[in-house]
Amino acid sequence: MFKKNRYKDFLKETGEISAFAGRFFKEGFKPRYEFAELIRQCFIIGYQSLPLVCVTAFIMGLVLTVQSRPTLEEFGAESYLPAMVAISVIREIGPVITALICAGKIGSSIGAELGSMRVTEQIDAMEVSGTNPFKYLVVTRILACTLMLPLLVIVGDTISLYASYIGVNLKGVVSWHLYYTQVFDTIDFSDLIPAFIKSYFFGFVIGLIGCYKGYNSKKGTEGVGLAANSAVVVSSLLIFILDLIAVQIADLMGLT
Amino acid sequence: MEKNPKHQSTEGIINDDKVIIVNKLYKSFGDNDVLKGFNLDLKKGENLVVLGKSGSGKSVLIKCMVGLLYPDDGEVAVLGKNIPKLDQDELDHLRVRIGFLFQSSALYDSMTVRENLEFPLRRHWISKSKEEVNELVMEALKNVGLEDAVDKMPSELSGGMRKRIGLARTLILKPEIMLYDEPTTGLDPITSREISKLIVEIQHTYQTSSIIITHDMACAKIVANRMIILVDGICYAIGTYNDLEQSKDPKIRPFFE
C-alpha cells in the first residue's frame, strides 16, 4: 500500500513538474517581459556564484592533475597529462561539477526564497496587486539559470585548465606555450559543443526544480526547509540523468 | 487632537449602490464543504465585518473575491464584474481597484519599505517621475503614521508597524474596495485598537468600501457599520453590532460573551 502510494506520488510529481515546465514556455514568451528582474536575477545567479565556482574549479583542476600524474608516469605517458586533464575537464568534470555546485547554491536559495514567499503570502500579495507572480518570480529565475550556467561553466573550465597548468608544473617544467598547444591540439568543437549545450539543460533543470519546489511549497517553516532540500536533491539527480542522456546522444551522433 | 473615529459620522459616505454581491457561493476542499451557499452584499462606502470562528471559511470567502481561489459554484460580482468569469488581464485590471491586507501583512522581505510601496506603482506605470513616486509613497506612509520607517527593512519592524506598512502599500493605488483578512490577529490590544481606528479613518479618507474578516470583537465593535455572522458555511445572521449583541440565538451569543 505504502509502496503503491509512493509510486503514485512520484508519477504525480513528474506530471506536475512537466506541467510547470509547460507553463514556463507558455508564459515566458508572452508579454509583458520582465527584463529588469531578469537582469537582477542574472546578477544574483551568475555573478554571485562566481567565487564559489572559481574556487571549486581551481581545486578540481589541480587535484585531477596531481592525482593523474602517478598513473600516467607508470606508463611513461606523463606528456599526455595536459591533454587528458583538458578532455576530462571540458567534456565532463567542468559542466557537471559546476552544475552540482550551482544546484546546491542556487537551487536551494531559489527553493527557500520562493518557499518562504509562498508561506508568508507574498506570492498571493503579488498576485492581488495585479502582477503575475509566475512571470515575475519563476520565468525570470529559470531563464537566468539557463543563461548563466553555460557562462559559469566556461569560466570554471578556464580556471580548471589554468590550475592544471600549475599542477603539471609542481613536478616538472612545462612552459605555458607547450601546455596551451597540447591542450588545444587535443580538444576540438566536438568536445566543446555537446558540453556547452548540456550546460544549458543543467541550468534549466536547476531553475525549474528550485522554482517548482519553492512555488508549490507547503505551509509552515517545515515546508520551506523541505522545498530547499528537495530542490537540491532532485536537481542534482536530474543533472546526472541528463548527463547520461547527453553522453548517449553525443555518442550516437559520433561526437566522441 | 486625535479624533475618535467612532464619533465620525458615516452619513453621506454609505449609499445603497452595491459594490460586491456574493450569491449562493459554494466552495469545498476535498470532503470539507467550507461555503455552502453563502450570500453577501457590500454597499458603497460601508465597513462590513464578517465574523466567524477560525476555519469557518472567512478567508476563503475574500480570497474568492480577488480570484486567489475559485468557487465551485455561485456568483462573486465585484464592481459589476463576475470574478470567476474574468480572464487574467481583466482580473489584473480589476485587482488594481481592490486592496487586500493579508493576515501576515505579506511585505516583500527582500525590499525596503520604500521599495515595497513603489512596487505596485512601478508595476502599473501609474506614476513615472521619481518625485511623483516619492510624493505618493510619503503620502501613503503619512496616512498610516509611519513616515520614519521609509528606509527600513520589513524585518526591522514590529507586527503593528508591518500591518500599517501593508496597509500603506495597498492604499497607494487608492483602491475603491478594501478587504482586510484578520487585521488585528497577533497584535496586542492597544495596537489592535490603533489598527481598528485606522481602518475607520481609511474609510473616511479614501472613501473605501471594506470587508473586514475577523473574530476580534473589539475590532468589530470599532469598525463595523454592519456585521455578518458566518456559521456552517452560510450567512447565519446580519445586522449592526448592537442588533447582534442583543440576540439570544445560541449560535450568535458565544461571539459576544
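**A proline and a sheet in chain B**

Okay, let's start with one residue: Pro183(B) is buried, because 26 other C-beta atoms lie within 10 Å of its own, and the cut-off for calling a residue buried is 20 or more. Keep in mind that this is a predicted model.

Chain B has an open sheet of four strands, in the order 2-1-4-5, and the pairing is antiparallel. Which strands stand at the edges? Those are strand 2 (32–43) and strand 5 (81–82) of chain B; each has a single partner strand, so one side of each has no neighbour in the sheet.

Let's zoom in on one pair. Strand 1 (residues 18–29) and strand 4 (residues 73–78) of chain B run antiparallel to each other, and five bridges join them. If you want a spot to look at, find Ile21(B): across from it, in strand 4 of chain B, is Ala77(B).

Last thing, the place where the two chains meet. Chain A brings 10 residues to the contact and chain B brings 13 residues. On the chain A side, that's two nonpolar, five polar and three charged residues.

Notes. Residues are numbered from 1 along each chain as its sequence is written. Chains are lettered from A and ligands numbered from 1 in the order in which they are written. This is a predicted model: local features need pLDDT of at least 70, side-chain atom pairs count only at pLDDT 80 or more; totals for chains, interfaces and linings use all residues. Two strands pair if DSSP finds at least two bridges between them. Helices (H or I, at least four residues) and strands (E, at least two) are DSSP runs, numbered from the N terminus. Two residues are in contact if their C-beta atoms, placed from the backbone, lie within 7 Å. Ala, Val, Leu, Ile, Met, Phe, Trp, Tyr, Cys and Pro count as nonpolar, Asp, Glu, Lys and Arg as charged, and the others, Gly among them, as polar. A residue is buried if 20 or more other C-beta atoms lie within 10 Å of its own, exposed if 12 or fewer, and partly exposed in between; C-beta atoms are placed from the backbone.
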